[in-house]
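Look at the sequence and the structure below.

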Amino acid sequence: MADSGAVGAAVSDPVGESAVRVASVPHSQVYIRHTGRVPGDSRPGGVLRLPDPDPRNPGQSTESTWWPPVMLDPHWIRENASTFDLMHIHFGFDAISPRDLRAVTAELKARGKPLVYTVHDLRNPHHLTPEAHDAQLDVLIPAADRLITLTPGAAAAVEARWGRRPVVLPHPHVVELGELERRQRLRLSRPPQDRFRVGVHLKSLRPNMLDGVILPALTAAVEQLPGAVLQVNGHPDILTPGGDKYRPELHKWLTEAETAGRLELQVRDYFDETALWDYLGSLDVSVLPYRFGTHSGWLEACTDLGTSVLAPSCGFYAQQRSTVAEFVHTEDGLDEQSLATALKGLYAERPWPGLSRAERTAERRAVAAAHEEIYASVLAP
């Protein structure tokens, strides 16, 4: 092919000749992969998702590197219009201006290519203020032929603001089905533990994390539970002197609390997938320390592994799974008593096995079928 940005062969689970060809933005992300058919399922039709073009060489496809997304460009759409039937946007437009997004949606319309948009985030967790993301949503939501979101609350918020009601589909499993089953079996075979491990991962302190109050409140709440241990993880960039985002006051508070025996502190870089599942599987409860946001893939991984989740009232985390315990935490502040009460409830209900392989498989089949139905509807004459 010429150096036009055209991609190679599409990749997907095996499907029939009548498969819908979807330009997914992105393809190489676990949510998108798991909205497809369960491996081994076979019936006519299906979905064929184009591989992510490599940002370093748009003429080549890639299995892992997808950001920035090459497909979100009018030139790419013009040059590749014959290779796909519709575009489905999920993530990756953070750095794209509303003006450029309008050019993308206009080019799709000019080429007769429907647009499906899954509203994962009504508030971008990486932006301290909402204005930039709001402006992008003001382009994508009105332009999309069909909308999807993950919870009824998010659907209602979209309808209230834009007058359009998205289809609500649950977040599929994050951990691969075979690995999910293996890890759940191991977890349930362990002898009962006297310790109750509560974890909070600060990562690199995204703008939606913490407000200087939740860690002391969480420490105090854990101390009220016999045998409970609080484990705090964070990346070196925020908890190592000289780090790019070093937070000296936070580091001082955590190290003093660790010295006093009030918590366990682990400073380490990003987990790879296996290490992340090991970490989450070692916890009884994972606490989401968010002040704002919408939905969470981390929460879904915990659901796969049998780790309970304590989630804030901001966004719609508690609507993702009925097993999530909620405490009051928003940009307006934290209700410390609600945090202690919710944690105490999880302490009393342990252990929780998580959603089984059979449950997650059935859910994925329903999600895949719903996507195929939506794609067929936007392509119908």
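Predicted model: local features only at pLDDT ≥ 70, side-chain atom pairs only at ≥ 80, totals over all residues.

At what angle do helix H4 and helix H5 pack?

Residues are numbered from 1 along each chain as its sequence is written, and side-chain values use heavy atoms, with hydrogens and water left out.

Two packed helices are described by the angle between their axes and the distance between the axes. Helix H4 (residues 131–143) and helix H5 (residues 152–162) pack at about 85 degrees, and their axes are 12 Å apart. H4 is therefore roughly perpendicular to H5 (the term covers 65 to 115 degrees). Axes are lines fitted to C-alpha atoms, for helices over the stretch in contact, and angles run from 0 to 180 degrees between N-to-C directions. Helices (H or I, at least four residues) and strands (E, at least two) are DSSP runs, numbered from the N terminus.

On the H4 side, the contact (heavy atoms within 4.5 Å) is made by Asp 134, Leu 137, Asp 138, Ile 141 and Pro 142. Val 158, Arg 161 and Trp 162 make it on the H5 side. By class, these residues are 5 nonpolar, no polar and 3 charged. Ala, Val, Leu, Ile, Met, Phe, Trp, Tyr, Cys and Pro count as nonpolar, Asp, Glu, Lys and Arg as charged, and the others, Gly among them, as polar.

## The largest pocket

The largest pocket has a volume of about 1,600 Å³. A pocket is an open set of points on a 1 Å grid over the protein atoms alone, where a 1.4 Å probe fits, with protein on both sides within 12 Å along at least five of seven lines; lining residues have an atom within 4 Å of a point. The volume is the space filled by probe spheres set on the points.

There are 47 lining residues, and the closest to the centre are Gln 29, His 126, Lys 203, Arg 206 and Gly 297. Helix H1 (30–33), helix H10 (273–281) and helix H11 (297–305) each give two or more residues to this lining. H10 gives the most, with 4 residues. The lining divides into 21 nonpolar, 18 polar and 8 charged residues.

## The second largest pocket

The volume of the second largest pocket is about 590 Å³. Among its 21 lining residues, Arg 187, Gln 193, Asp 284, Arg 350 and Pro 351 are the closest to its centre. Helix H6 (177–189) and helix H13 (336–349) each give two or more residues to the lining. This lining has 8 nonpolar, 6 polar and 7 charged residues.

## Backbone angles

Lys 203 is not a glycine, yet its phi is positive, at about 50 degrees. This residue lies in the loop between strand S9 (196–201) and helix H7 (214–223). Leu 205 is found in the loop between S9 and H7, and its phi is near 55 degrees.

Key:
Parallel < 35°, antiparallel > 145°, perpendicular 65-115°, else oblique.
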